[in-house]
Amino acid sequence: MSKHTLVATVEEGPATLNRVLSLFRQRSFAIESLSIGRTNEPGIMRLTMVVDGARVAVEQVTKQLYKVIEVRKVSDLSEDPRVERELALVKVTCKTAPQRAEVMQIADIYRARVVDVATSSLMIEVTGPTVKVDSLIDLFKPYGIKELVRTGVVAMTRGQATPRTDRTDRLKLVS
Amino acid sequence: MRLSGARAICQSLVEEGVSTIFGLPGGAIMPLYDVLPEFPDLHHVLVRHEQCAAHMADGYARAAAALKKPQEQRTVGVCFGTSGPGATNLVTGICNAHMDSVPLVAITANVPNNMIGTDAFQEADITGITIPITKQNYFVRDGKDLPRVLREAFHLARTGRPGPVHVDVPKDVLLTEYDWNGYPSSVGLQGYQPTFEPNMRQVKEATRLIERAQRPIIIAGQGVLLSGAWDELRDFAEKTRIPVMTTLLGLSSFPENHELSLGLMGMHGWVHCNYAVHNADLVIAIGMRMDDRACGKFAGFAPQARIVHVDIDPAEIGKNVRVDVPIVGDVRRVLSRLEPEVHSEALQSHAAWLDQIAEWREQYPPKCYPSTTPELYQPQVIQAINRATRGEAVIVADVGQHQMFAAQHYEYSHPYSFITSGGLGTMGYSLPAAIGAQLARPDKQVWCVVGDGCFQMTLQELAVMAIHRVPVKVALLNNEYLGMVRQQQQVQYGGNLVEVDLAGGPDYIKLAQAYGVPAWRATDPTQLDDVIGAAMAYPGPAIIEFRVARNEDVYPWVLGGTSLGEVLPDTPYEAERDRVLAGAGPSARDGSDR
């Protein structure tokens with residue numbers, strides 16, 4: 001099993017997300033994270049999914065995604081040079097001043113920001129690849145995490161390239 | 001011009017060339033029915049259950065596909081249902097069409113826009129329900145979208161890999177008037193671009209394998225029929241001298257009286273076909289989806305072969321079995337590109353291979369019965385129908401033992417002369433589908449081959465058959481069992497027969513009379529020709545009840561989880577029947593099952 005970052009550009013519509021998720025549910029593909037938002041093109045949204053699966057299963061889900069009429073493009077970015085980011089907000093328990101200082105110091109090392117301060121907690125905003133967010137959360141655990149939210153991964157290929165997909169690429173999936 | 005939503009739908013159907021609609025009205029869809037008489041080109045068939053509206057439309061579309069038409073003009077089955085239960089009743093029929101790639105447009109009404117989401121009377125989230133069983137679906141909350149939506153719906157249903165499209169329209173949209181600016185001449189679906197033309201690199205690669213192969217076979221699936229490629233397939237097979245077998249839904253895509261025809265392969269396919277797959281060095285799978293019933297255990301499928309897989313749907317390639325040369329494209333175009341690439345003089349001789357298959361065929365022939373037997377056997381009935389119709393009829397088979405006997409013992413030589421529920425295996429499919437098929441093909445005699453279990457699921461449609469005098473001939477094979485389940489319990493569950501006994505069912509002759517349909521009964525093989533002749537001579541619908549042996553099993557049989565090479569040609573159980581045939585009298589086991 002390996003992680004794959006799939007990017008799909010889809011037409012905006014009330015049922016689009018439902019169709020995509022229905023497909024994942026039917027075929028039991030586990031989604032680790034999913035984020036969706038508008039793009040520079042009106043009416044077009046971009047879905048980023050991190051899925052865990054054997055390669056053949058990921059190819060199959062890609063081909064199934066193409067059968068959804070609203071799906072324009074699907075790319076597996078896993079083997080491309082890319083930037084991947086997610087954002088997390090973490091509310092960390094800090095009952096004492098030394099604790100607060102430690103938490104702020106750790107956050108600083110990770111270039112995370114304190115976005116809210118209360119008498120017994122700090123809210124930290126951290127952005128980065130999943131591993132960085134994971135490791136920061138691990139460091140906060142001993143203090144006690146009151147609340148945690150993550151956006152899920154968004155990804156973009158580096159350089160000039162946009163997610164590649166064309167007919168030949170679809171064929172490549174099967175050969 | 002302004003048209004109400006209801007009129008816009010009817011006008012769109014006329015623009016799409018629709019002539020027949022199957023449906024049943026109810027509260028929400030009444031505005032649509034209200035305007036239907038204004039459109040004399042649209043003939044509506046009132047069904048007795050919405051499931052059958054979908055099945056009739058399905059049978060109609062399949063039978064009409066035998067009249068080869070360009071893809072853009074392909075006949076689409078159309079059905080109507082009202083909101084809530086009317087729509088949910090369509091679900092089985094829509095799913096059936098989805099599994100078997102049938103072009104279908106299902107139109108349902110929903111509660112008015114302002115009631116949507118309030119759990120109103122007869123409200124169901126039907127588009128939510130049909131997402132996974134349609135090629136596409138639409139919930140049209142604004143009537144100005146109707147012409148575009150219907151244009152897209154028909155385009156999607158009939159092009160590429162066909163399938164069902166569902167359009168749901170709230171009641172107020174049917175009643176409100178909108179500007180009608182003519183029917184759109186084109187569709188703008190950027191996310192839908194099926195691949196028709198094959199990649200020539202792959203075609204050349206396949207050619208190399210074909211020229212090198214010594215033990216090649218072709219497996220023809222329904223894709224051959226869907227793309228109207230039966231002539232191209234025959235040309236290709238004749239040029240390459242590669243024998244052709246078919247999947248269940250591929251039956252009739254290659255004439256079974258052709259010297260290169262091997263017949264049915266798969267779970268209940270012929271032993272020689274399954275042995276040929278198992279021993280082939282090249283499998284050319286054309287327009288099929290490598291279904292588990294066709295392929296047996298995937299890991300054990302064609303273990304010695306390179307596999308060329310042709311299909312218009314890229315998601316089918318490599319889904320179940322490994323593929324060496326994938327060719328994505330329309331079967332007809334692929335075959336017409338492939339054929340000229342193959343050089344006859346470069347081909348290996350397949351003579352020894354064809355001899356080998358012929359030897360298997362001789363060793364494991366189809367069941368053959370004496371003209372008199374103590375009981376009536378299902379293959380005898382199908383063989384008698386084949387004789388009487390000279391293979392010219394359209395056979396619409398239901399699901400179960402009789403379906404497999406119908407697939408095995410009729411000689412299919414005309415495209416779409418066999419219609420059945422292959423993928424979903426929907427019991428009750430055949431009667432409504434036969435009615436639909438007969439309406440699409442008034443020039444053909446249509447036979448509905450149905451078991452007593454299946455018949456009781458949709459027999460209310462006898463009313464439609466009788467009232468419209470649709471001259472379908474119903475061959476009811478009555479063994480008073482859910483026979484296929486009984487057979488599996490017998491063999492795979494140690495003979496523990498649980499809830500499969502249908503004995504004590506209705507008197508089918510009286511039932512037919514209640515609907516005003518003439519009926520005959522046969523209990524003995526000597527009666528076969530007479531009753532079949534009488535039913536065929538009668539100009540309207542007719543039913544023949546064949547009281548068949550209760551304990552006959554379908555063989556050959558590839559048991560679940562085994563490969564095609566492990567096909568069971570026969571069993572001791574059958575040997576026991578042979579003893580009965582030889583006049584030894586019924587055995588104890590025969591008696592204990594009653």
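This is a predicted model: local features need pLDDT of at least 70, side-chain atom pairs count only at pLDDT 80 or more; totals for chains, interfaces and linings use all residues.
## A helix pair in chain B

Gly5(B), Ala8(B), Ile9(B) and Ser12(B) from helix 1 of chain B come up against Leu146(B), Pro147(B) and Leu150(B) from helix 6 of chain B. Sorted by class, this contact holds 5 nonpolar and 2 polar residues, with no charged ones.

Two packed helices are described by the angle between their axes and the distance between the axes. Here helix 1 (residues 5-15) and helix 6 (residues 146-158) of chain B meet at an angle of about 30°, and their axes are 10 Å apart. The crossing of helix 1 of chain B past helix 6 of chain B is right-handed.

## The parallel sheet

Chain B also has an open sheet of 6 strands, with parallel pairing and the order 3-2-4-5-7-6. Which strands stand at the edges? They are strand 3 (43-46) and strand 6 (136-139) of chain B; each has a single partner strand, so one side of each has no neighbour in the sheet. From one strand to the next, the twist averages 20°.

Strands of a sheet pair through backbone hydrogen bonds, either parallel or antiparallel. One of the parallel pairs in chain B is strand 5 (residues 104-110) with strand 7 (residues 164-170), joined over 7 bridges. If you want a spot to look at, Ala106(B) sits opposite His166(B) in strand 7 of chain B.

## Helices on the sheet

Helix 3 (residues 50-64) of chain B packs on this sheet and touches strand 2 (20-23), strand 3, strand 4 (77-81) and strand 5 of chain B. The direction of helix 3 of chain B makes about 170° with that of strand 4 of chain B.

Then there is helix 4 (residues 85-99) of chain B, lying across strand 4, strand 5 and strand 7 of chain B. Helix 4 of chain B runs at about 165° to strand 5 of chain B.

## Domains of chain B

Zooming out, chain B splits into domain 1 (2-179), domain 2 (200-363) and domain 3 (378-555). The centres of domain 2 and domain 3 of chain B, taken over C-alpha atoms, are 30 Å apart. Their contact uses 12 residues from domain 2 of chain B and 14 residues from domain 3 of chain B. On the domain 2 side, the residues are 7 nonpolar, 4 polar and 1 charged.

## Domains of chain A

Chain A has two parts: domain 1 (2-81 + 160-172) and domain 2 (83-154). Over C-alpha atoms, 30 Å separate the centres of these domains of chain A. In their contact, 6 residues of domain 1 of chain A meet 5 residues of domain 2 of chain A. Strand 2 (31-38) and strand 3 (44-53) of chain A each give two or more residues to the domain 1 side, and the largest share, 3 residues, comes from strand 2 of chain A. That side has 2 nonpolar, 4 polar and no charged residues.

Just after helix 3 of chain A, Arg111(A) takes a positive phi of about 50°.

## Where the chains meet

How many residues does the contact take from chain A and from chain B? There are 19 residues from chain A and 19 residues from chain B. On the chain A side, helix 1 (16-26), helix 2 (55-67), strand 4 (71-76) and helix 5 (167-172) of chain A each give two or more residues. By class, this side of chain A has 5 nonpolar, 6 polar and 8 charged residues.

Note on methods. Residues are numbered from 1 along each chain as its sequence is written. Chains are lettered from A and ligands numbered from 1 in the order in which they are written. Domain bounds come from an automatic or database domain assignment. Two residues are in contact if their C-beta atoms, placed from the backbone, lie within 7 Å. Helices (H or I, at least four residues) and strands (E, at least two) are DSSP runs, numbered from the N terminus. Ala, Val, Leu, Ile, Met, Phe, Trp, Tyr, Cys and Pro count as nonpolar, Asp, Glu, Lys and Arg as charged, and the others, Gly among them, as polar. Axes are lines fitted to C-alpha atoms, for helices over the stretch in contact, and angles run from 0 to 180 degrees between N-to-C directions. A crossing is left-handed if the near helix is turned anticlockwise from the far one by less than a right angle, and right-handed if clockwise. Two strands pair if DSSP finds at least two bridges between them.
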